[in-house]
Number of protein chains: 2
Amino acid sequence: MGEAALIALLSGGVGGSRLAAGLYELLGEELVVIVNTADDEVVYGLHISPDVDTVLYALSGIGDWERGWGIAGDTFRCNEALGRLGRENWFRIGDADLATNLLRTELLSSGMRLSDVTELIARKLGIRCRVIPMTDSRVKTTVFTSEGPMSFQEYFVKRRAEPEVLRITVERSPDEEAAPGVIEALSRSEAVIVAPSNPILSVRPILETRGVLDAVRSSGAVKVAVSPIVGGRALRGPADKLMKAFGMEPSAYGVAKYYSELFGLDGMVIDRVDADLARRIESELDVKVLVTDTLMTDRTRAVRLASEVLRFARSLR
Amino acid sequence: MGEAALIALLSGGVGGSRLAAGLYELLGEELVVIVNTADDEVVYGLHISPDVDTVLYALSGIGDWERGWGIAGDTFRCNEALGRLGRENWFRIGDADLATNLLRTELLSSGMRLSDVTELIARKLGIRCRVIPMTDSRVKTTVFTSEGPMSFQEYFVKRRAEPEVLRITVERSPDEEAAPGVIEALSRSEAVIVAPSNPILSVRPILETRGVLDAVRSSGAVKVAVSPIVGGRALRGPADKLMKAFGMEPSAYGVAKYYSELFGLDGMVIDRVDADLARRIESELDVKVLVTDTLMTDRTRAVRLASEVLRFARSLR
């Protein structure tokens with residue numbers, strides 16, 4: 001990669017993948033996306049990496065932008081046939097999407113590392129920047145709810161994040177390390193951007209990967225986060241509910257406070273509807289704020305937001 | 001299953017599945033199909049059982065009759081996507097067909113036996129008769145050709161059975177046993193019918209499964225075979241070439257001789273175009289012959305052939 005300037009993005013699924021697509025358009029191979037794998041699971045015997053795939057599909061342009069997962073125009077014949085065979089099939093994987101999961105599972109079984117598999121798939125999809133899963137070790141998230149413990153996908157997909165969450169455990173291998181390139185990218189980047197992803201379910205697992213939080217803290221990079229909470233509500237998923245359950249204020253302020261305490265945030269990007277929070281974030285947390293339109297409902301808006309986030313980050317150096 | 005009369009069919013893929021469908025129409029749950037698994041392999045990380053699936057699909061009516069494998073009207077989006085990801089994809093599995101392979105692989109990984117998986121899938125497909133893989137152990141066929149050794153599917157599908165075959169090895173587990181129900185079915189049946197399948201690649205592996213040849217030999221059943229060779233040529237696949245390579249006469253006579261020597265054949269069903277072989281089979285091998293139209297180009301013809309084969313077998317008691 002030589003010594004070109006790097007921008008590192010910490011990303012979960014939908015929101016992260018959209019900002020990644022926007023940044024990629026502007027930065028090309030200067031972007032490094034470090035992706036959460038705490039929601040990886042084995043489904044239908046396949047190793048699924050939902051956030052990694054969502055990012056890969058968004059970057060390559062084959063993703064379903066609106067739905068936020070899978071490949072645009074994909075069919076679900078295999079998934080439907082599984083149902084006819086009596087297999088629970090609430091976890092939907094499209095037919096073309098299956099190929100990614102089959103290949104990943106096959107290569108992992110052959111001993112290849114998840115990061116190498118991801119790189120291979122990224123290259124085949126024509127992606128020029130690096131997309132790195134946070135770790136090559138298996139990470140297992142269990143969500144303990146008022147209805148009992150369940151796997152992440154069971155909570156998130158089957159039960160649509162409806163059960164009340166009591167606690168979340170993330171089981172990690174004792175010899176876990178960050179995937180090759182993660183720590184280096186964080187140390188070398190001129191900016192570390194935290195995507196508008198779920199702070200608890202998506203970003204925290206990245207930061208808790210061995211060495212990552214230290215690397216972010218000690219990096220000379222400008223640290224900027226984009227709020228996934230707009231008007232007190234998560235754009236997607238249960239981030240607001242979970243933040244509340246975990247004693248955090250479910251707002252852009254709460255997100256800024258969380259990251260600020262974790263690793264020292266330089267800048268926070270919040271939506272216009274939260275403009276009234278800007279002063280509080282700046283004065284109480286000593287974090288600069290950019291107020292803008294953060295909704296990435298299409299690629300054009302994602303590129304515009306990415307461009308503003310980059311300009312903002314560079315202004316903070 | 002009580003003590004109802006049974007008819008056992010030893011079956012490979014295409015030809016066997018068609019005769020199975022014909023017999024099933026007439027016999028319902030009195031039919032037991034014992035299926036070759038020597039061409040089972042792991043492809044894309046999935047445990048494929050091509051002959052078992054072809055039989056299941058033919059019996060349930062969802063199979064592609066003309067093509068002889070897979071599900072009628074299936075799409076190949078996953079297979080095509082694998083190709084785009086740079087994965088060799090000459091082994092084609094349709095999208096709905098993938099569900100069968102995913103479920104089988106998942107259940108086998110969980111410790112279930114192939115015979116139980118097969119029964120479960122058969123039930124889900126609405127099949128009322130028993131379909132039993134010859135064994136629950138892994139069997140691995142290697143074809144040694146003039147171009148080097150290759151797996152069965154590499155020889156059969158990728159190389160279209162074109163390379164010259166020098167020898168074939170079938171690796172079997174030392175503690176292999178016939179799948180539950182196989183020996184019992186053979187012992188109890190009033191007739192054992194050998195389908196028009198490849199004698200070397202499909203039927204021999206069934207007979208070489210521990211206990212099977214003895215069970216066929218000692219069974220009081222009438223033993224009837226349908227020739228897969230018509231006019232000196234295999235209807236599908238390389239049976240004729242292989243028989244020649246293995247020093248057998250590639251004809252209905254050669255097939256009759258092979259089974260006659262192996263377990264004592266009572267009756268042989270040959271096509272009208274081979275009518276002139278009837279006398280030779282009857283006089284030299286002491287095997288009764290039924291000459292009829294053996295081409296099962298559609299389900300109606302399969303049922304008619306099945307009906308003639310049954311009548312013929314019963315006449316030999």
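## Briefing on a predicted two-chain model

Asp286(A) sits in the loop that links α12 (278-285) to β14 (288-292) of chain A. This is a predicted model. Asp286(A) has a positive phi of about 55°, although it is not a glycine.

**Asp286 in chains A and B**

- Most residues other than glycine have a negative phi.
- Asp286(A) counts as exposed because it has 11 C-beta neighbours inside 10 Å, and the cut-off for exposed is 12 or fewer.
- In chain B, Asp286(B) lies in the loop between α12 (278-285) and β14 (288-292).
- Asp286(B) is not a glycine either, and its phi is positive at about 60°.
- Asp286(B) is exposed, with 11 other C-beta atoms within 10 Å.

**Helix α2 of chain A**

- Helix α2 (residues 50-60) of chain A has ten of its eleven residues buried, so it is largely enclosed by the rest of the structure.
- The buried residues of α2(A) are Pro50(A), Asp51(A), Val52(A), Asp53(A), Thr54(A), Val55(A), Leu56(A), Tyr57(A), Ala58(A) and Leu59(A).

**Helices α1 and α13 of chain A**

- Helix α1 (residues 14-27) of chain A packs against helix α13 (residues 299-315) of chain A at an angle of about 70°, and their axes are 7 Å apart.
- This angle makes α1(A) roughly perpendicular to α13(A), because the range for that class is 65 to 115 degrees.
- On the α1(A) side, the contact is made by Arg18(A), Leu19(A), Ala21(A), Gly22(A), Leu23(A), Glu25(A) and Leu26(A).
- On the α13(A) side, the contact is made by Arg299(A), Ala302(A), Val303(A), Leu305(A), Ala306(A), Ser307(A) and Leu310(A).
- By type, the residues of this contact are nine nonpolar, two polar and three charged.

**A three-stranded sheet in chain A**

- Strands of a sheet pair through backbone hydrogen bonds, either parallel or antiparallel.
- In chain A, three strands form an open sheet in the order β7-β6-β8, and the pairing is antiparallel.
- β7 (148-151) and β8 (165-172) of chain A are the edge strands, each pairing on one side only.
- On average, neighbouring strands of this sheet are turned by 25° against each other, direction ignored.
- Strand β6 (residues 139-145) of chain A pairs with β8(A) over seven bridges in the antiparallel sense.
- Thr145(A) has Val165(A) of β8(A) as its bridge partner.

**Contact between the chains, and helix α4 of chain B**

- Between the chains, 23 residues of chain B are in contact with 23 residues of chain A.
- On the chain B side, α3 (77-84), α4 (95-109) and α5 (114-124) each supply at least two residues.
- α4(B) gives the largest share of that side, ten residues.
- The side of chain B that touches chain A divides into eleven nonpolar, six polar and six charged residues.
- 13 of the 15 residues of α4(B) are buried, so this helix is largely enclosed by the rest of the structure.
- The 15 residues of α4(B) should span 21 Å at 1.5 Å a residue, which agrees with the 21 Å between its end C-alpha atoms.
- Just after α4(B), Gly111(B) has a positive phi of about 105°.

Technical notes: Residues numbered from 1 in each chain as written. Chains lettered and ligands numbered in written order. Predicted model: local features only at pLDDT ≥ 70, side-chain atom pairs only at ≥ 80, totals over all residues. Axes fitted to C-alpha atoms, helices over the stretch in contact; angles between N-to-C directions. Helix = DSSP H or I, 4+ residues; strand = E, 2+ residues; numbered from the N terminus. Parallel < 35°, antiparallel > 145°, perpendicular 65-115°, else oblique. Contact = placed C-beta atoms within 7 Å. Nonpolar A, V, L, I, M, F, W, Y, C, P; charged D, E, K, R; others polar. Pairing = 2+ DSSP bridges. Buried ≥ 20, exposed ≤ 12 C-beta atoms within 10 Å, placed from the backbone. Expected span 1.5 Å × (residues − 1).
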